[in-house]
Amino acid sequence: MSLSKTQELLGLMSRLRDPETGCAWDQKQDFHSLIPYTIEEAYEVADAIERNDFEDLRGELGDLLLQVVFHSQIARERGLFDFEQVAAAIGEKLVSRHPHVFAGVKFDNDEQRQQAWEEAKAEERKRKQPQQHAESVLAGVAHSLPALVQCEKIQNRAASHGFDWPDTEPVFEKVREELQEVHEAWLSGDQTHIHEEVGDLLLVAVNLARHLKVNPEIALRDATKKFTRRFNYIEKEVAASGRQLRDCQLAELDDLWNQAKRTLKKSQSHV
């Protein structure tokens with residue numbers, strides 16, 4: 001985007017927020033009221049990418065940029081910061097977090113680069129919130145992140161400071177252990193205990209995904225899409241027989257599920 005277009009966009013937002021001649025809806029928004037819109041736009045960007053719809057992606061990135069401009073305008077009105085300062089801040093972060101690009105530092109592998117990245121972020125947090133006592137290495141992970149993303153980030157942070165299994169095999173054993181504890185909790189009938197143990201199982205499953213270099217959020221989204229495709233297949237087969245799902249026995253639905261797995265896998269292999 002050229003400078004003129006950037007300034008034009010900032011000017012449009014300023015006019016929308018004008019207390020005399022602006023838009024009533026835009027005028028009454030604040031940081032908190034915009035939270036759901038900002039989150040929604042980020043997910044719509046991800047959706048456009050996953051659909052390989054790059055024309056839609058251009059539009060969705062614009063919608064996401066609008067959220068940045070909107071928040072920046074509110075901050076400018078309150079004397080907090082403006083869009084130029086937002087852009088300057090991320091530029092400074094990019095430079096400080098990439099010494100191998102901008103400062104001639106050499107890294108031998110991705111692990112060293114990740115370690116340097118985490119150390120740079122820790123230094124940034126210290127500068128933002130100077131404290132007498134040492135800050136937790138887990139500080140700074142947003143509480144509003146999706147649970148899987150937050151869990152992975154916290155585990156990565158802990159692992160970067162040495163709190164991690166040295167290899168993957170023990171994590172498989174931990175998954176089996178936690179699954180057994182879920183079963184025992186279920187047998188006890190204590191719903192609070194079941195809740196706790198299911199949480200432990202999900203946490204260690206995220207840890208396993210991390211060790212296997214799989215993004216758990218994306219993996220679960222893909223698995224959900226796969227489930228949806230197979231379930232839709234079952235619905236069509238049942239509808240073709242003039243029935244509804246509730247009219248079928250579970251064994252028949254299970255057979256259709258297996259049929260869906262075979263059929264859809266075969267059709268995808270021909271794509």
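**Salt bridges, cores and a helix**

Mentor: The count of salt bridges comes to 14. Keep in mind that this is a predicted model.

Trainee: Take Glu77. Which side chain does it meet in a salt bridge?
Mentor: Arg17, at 2.6 Å from N to O. The pair links distant parts of the chain, 60 residues apart. Glu77 sits in helix α4, and Arg17 is in the loop between α1 and α2.

Trainee: Is Arg17 buried or exposed?
Mentor: Buried. Its relative accessible area is 10%, and the cut-off for buried is under 20%. Glu77 is at 39%, so Glu77 counts as partly exposed.

Trainee: And what does Arg51 pair with?
Mentor: Asp47, at 2.7 Å from N to O. Arg51 is partly exposed at 40% relative accessibility. Asp47 is partly exposed too, at 33%. Asp47 and Arg51 also belong to a salt-bridge network with Asp53 and Asp56.

Trainee: Where do Arg176 and Glu173 lie?
Mentor: In helix α9, residues 169-188. They are three residues apart, about one turn of the helix.

Trainee: Switching topic. Which residues make up the largest nonpolar core?
Mentor: Seven of them: Leu10, Met13, Leu34, Val69, Phe70, Ile74 and Phe83. Helices α1 (3-16) and α4 (54-77) are the elements that give two or more residues. α4 gives the most, with three.

Trainee: What is Met13 in contact with, leaving aside neighbours within four places in sequence?
Mentor: Leu66, Val69, Phe70 and Gln73.

Trainee: What about a second core? How many residues does it have?
Mentor: Six, and it is separate. Among them are Val171, Val175, Leu201 and Val204.

Trainee: Last one, α11. What span should its 25 residues give?
Mentor: At 1.5 Å a residue, helix α11 (residues 216-240) should span 36 Å. The end C-alpha atoms are 36 Å apart, so that agrees.

Trainee: What happens at the start of α11?
Mentor: A side-chain oxygen of Asn215 comes within 3.0 Å of the backbone nitrogen of Glu217. Glu217 is one of the buried residues of α11, and the others are Pro216, Arg230, Tyr233, Ile234 and Val238.

Trainee: And what follows α11?
Mentor: Gly242, with a positive phi near 80 degrees.

Technical notes. Residues are numbered from 1 along each chain as its sequence is written. This is a predicted model: local features need pLDDT of at least 70, side-chain atom pairs count only at pLDDT 80 or more; totals for chains, interfaces and linings use all residues. Side-chain values use heavy atoms; hydrogens and water are left out. Helices (H or I, at least four residues) and strands (E, at least two) are DSSP runs, numbered from the N terminus. The expected span of a helix is 1.5 Å times one less than its number of residues. Buried means under 20% relative accessible area, exposed over 50%, partly exposed in between (1.4 Å probe, protein chains only). A polar contact is a pair of N or O atoms within 3.5 Å; within protein, one must be able to donate a hydrogen and the other to accept it, and residues adjacent in sequence count only if both atoms are side-chain atoms. A nonpolar core is a set of buried Ala, Val, Leu, Ile, Met, Phe, Trp, Tyr and Cys residues joined through side-chain atoms within 4.5 Å. Contact means heavy atoms within 4.5 Å. A salt bridge is a side-chain nitrogen of Lys or Arg within 4 Å of a carboxyl oxygen of Asp or Glu.
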